[in-house]
Amino acid sequence: MKVEARVKDVVSKVYDGEIPTATDIRHLLKIEPHSLEAGFILSAADNLNRIASQNQAEVHAQIGINCAPCSRNCSFCAFAARNKVFQDCPELGFETALHMARKSQTNAHNF
Ligand code: SF4
């Protein structure tokens with residue numbers, strides 16, 4: 001198995017500091033998500049990310065004060081009504097939100 005030459009060229013250009021062209025990006029967006037090429041791109045992206053961040057990471061906390069199912073229904077999103085992750089989400093009260101924020105701060109999360 002071989003990774004498509006054009007994909008390798010685009011990734012190589014990115015490693016050299018070039019920004020992919022609109023044509024390159026359109027080509028990449030047509031790649032099947034479970035293909036060898038997609039795996040190659042994801043691996044390169046992870047590697048570039050680690051280089052840029054010097055292998056450091058931050059842990060962020062996010063408190064959903066008034067989350068609710070979203071009628072836009074983007075298939076990848078946990079908030080999409082069709083995914084049924086959030087079906088009944090009453091608004092958090094002030095004390096609950098404050099407690100959660102303090103707990104996250106104690107656990108060294110960033111906001
Ligand atoms: S990404 Fe999620 S929250 Fe945003 S519009 Fe799509 S379904 Fe709604």
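I count a residue as buried if 20 or more other C-beta atoms lie within 10 Å of its own, exposed if 12 or fewer, and partly exposed in between, with C-beta atoms placed from the backbone. Helices (H or I, at least four residues) and strands (E, at least two) are DSSP runs, numbered from the N terminus.

Note on the source: this is a predicted model, where local features need pLDDT of at least 70 and side-chain atom pairs count only at pLDDT 80 or more, while totals for chains, interfaces and linings use all residues. Residues are numbered from 1 along each chain as its sequence is written.

Back to H4: I find it at residues 94-106, reaching 18 Å from its first C-alpha to its last, close to the 18 Å expected at 1.5 Å a residue (that is, 1.5 Å times one less than its number of residues). After H4 comes Ala-108, with a positive phi near 65°.

Next, the whole chain. I see four helices and zero strands. The radius of gyration is 20 Å, well over the 13 Å that the globule rule gives for 111 residues, so the chain is more spread out than a compact globule. That radius is taken over C-alpha atoms, and the rule is 2.2 Å times the number of residues to the power 0.38. The C-alpha trace spans about 55 × 35 × 25 Å along its principal axes. Of the 111 residues, 4% count as buried.
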